[in-house]
Amino acid sequence: MTTYDRIGQTYATGRRPDPRVEAQIHRALGEACSVVNVGAGTGSYEPADRTVVAVEPSATMRRQRRPGAAPCVAGVAESLPFTDGSFDVAMTVLSIHHWTDVERGLTELRRVARRQVVLSYEPVDVVSFWLVDDYLPEIGELAVSRPPRPAEVLERLGGAGRIEVVPVPADCVDGFQPAHWQRPEAYLDPAVRACASGLALLPDDLVAARMARLAADLADGSWHRRHGHLLDRAELDTGFRLVVAEGGGPGGVGRRPGR
Ligand SMILES: C[S@@+](CC[C@H](N)C(=O)[O-])C[C@H]1O[C@@H](n2cnc3c(N)ncnc32)[C@H](O)[C@@H]1O
């Protein structure tokens with residue numbers, strides 16, 4: 001049983017693609033006609049106007065894919081079941097922090113596609129987010145909170161390309177961990193917490209006790225005194241980064257132009 005067979009039961013309900021994040025990912029796919037989506041989950045952010053093949057290890061997640069979604073094979077990033085150069089782009093969205101061997105998985109993305117588009121986050125921003133900093137510092141200790149830095153991901157993908165900030169809108173519809181940065185009461189809902197792995201992987205009683213503290217802070221105004229400045233903002237940089245790598249692929253693996 002994979003982690004997401006256990007924690008992904010309600011993923012399709014709580015984790016719908018946010019249209020602004022989706023537009024940014026689709027822009028990064030560029031002119032690609034063929035795309036492999038690794039760690040595809042229920043299919044969020046897959047483009048409908050290109051040929052897509054999805055790869056996902058969890059049967060629970062594969063079962064929640066919409067009828068008509070791209071074909072999805074059971075597999076892991078570390079060993080992709082495709083020949084070299086099968087795709088124009090390999091994309092992976094909020095998945096690398098779950099891989100058992102990130103370096104090997106990234107090498108596989110380069111092997112099967114000319115370009116790579118990776119949505120991940122700066123580990124330092126996980127621990128500075130108010131939910132973690134004030135209430136659940138234990139999240140920062142989890143392996144899922146410590147993926148390689150986006151700059152390292154780009155380097156491992158050959159070094160050529162760019163890293164974009166992916167701002168999280170105040171009304172973000174995808175329920176990933178920092179999505180509710182301006183809606184603190186959302187974290188009081190166990191169904192919301194079940195959709196974010198950092199929260200779902202900690203013991204329920206620990207999280208419930210800390211969320212009782214959050215409820216008290218919301219009731220007596222303490223949260224607003226500390227974080228009320230966030231309420232005026234339309235979006236926030238929570239550390240999400242889109243790595244758009246142009247330098248990988250068979251034959252050119254690891255080389256930057258001019259090297
Ligand atoms: C947070 S979900 C993201 C799903 C989807 N990409 C999205 O944006 O909604 C992380 C996904 O990575 C998958 N995953 C975990 N380990 C993996 C691995 N080694 N290779 C590929 N995918 C993996 C999980 O099963 C899960 O579906």
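Author: Two residues are in contact if their C-beta atoms, placed from the backbone, lie within 7 Å. Helices (H or I, at least four residues) and strands (E, at least two) are DSSP runs, numbered from the N terminus. This is a predicted model, in which local features need pLDDT of at least 70, side-chain atom pairs count only at pLDDT 80 or more, and totals for chains, interfaces and linings use all residues. Residues are numbered from 1 along each chain as its sequence is written.

Reader: Which elements do the buried residues of H5 pack against?

Author: A residue is buried if 20 or more other C-beta atoms lie within 10 Å of its own, exposed if 12 or fewer, and partly exposed in between, with C-beta atoms placed from the backbone. In helix H5 (residues 102–112), Gly105, Leu106, Glu108, Leu109, Arg110 and Val112 are buried. Their packing partners are strands S1 (34–38), S4 (87–93) and S5 (113–121), together with helix H8 (150–156).

Reader: Is S1 largely enclosed or exposed?

Author: S1 is largely enclosed by the rest of the structure, because four of its five residues are buried.

Reader: With which strand does S1 share five bridges, and to which do three bridges join S1?

Author: Two strands pair if DSSP finds at least two bridges between them. S1 pairs with strand S2 (residues 51–55) in the parallel sense over five bridges, and valine 38 has valine 55 of S2 as its bridge partner. Three bridges link S1 to S4, also parallel, where asparagine 37 stands opposite methionine 91.

Reader: How many residues does the largest nonpolar core have?

Author: In soluble globular proteins, nonpolar side chains tend to be buried together. A nonpolar core is a set of buried Ala, Val, Leu, Ile, Met, Phe, Trp, Tyr and Cys residues joined through C-beta atoms within 7 Å. The largest has 67 residues, and Ile25, Val36, Val89, Ala90 and Val117 have the most contacts inside it. Neighbours within four places in sequence aside, isoleucine 25 is in contact with Tyr45, Met91, Val93, Val117, Leu119 and Leu242.

Reader: Is alanine 216 buried or exposed?

Author: Alanine 216, in helix H11 (residues 204–220), is exposed, because 11 other C-beta atoms lie within 10 Å.

Reader: What is the mean pLDDT of the chain, and over which residues is the pLDDT below 50?

Author: pLDDT is the predictor's confidence in each residue, from 0 to 100. The chain has a mean of 94, with 95% of its residues at 70 or more. Over residues 249–259 the pLDDT is below 50, although this stretch has 19 contacts in the model beyond near neighbours in sequence. Where pLDDT is low, the predicted coordinates should not be read in detail.
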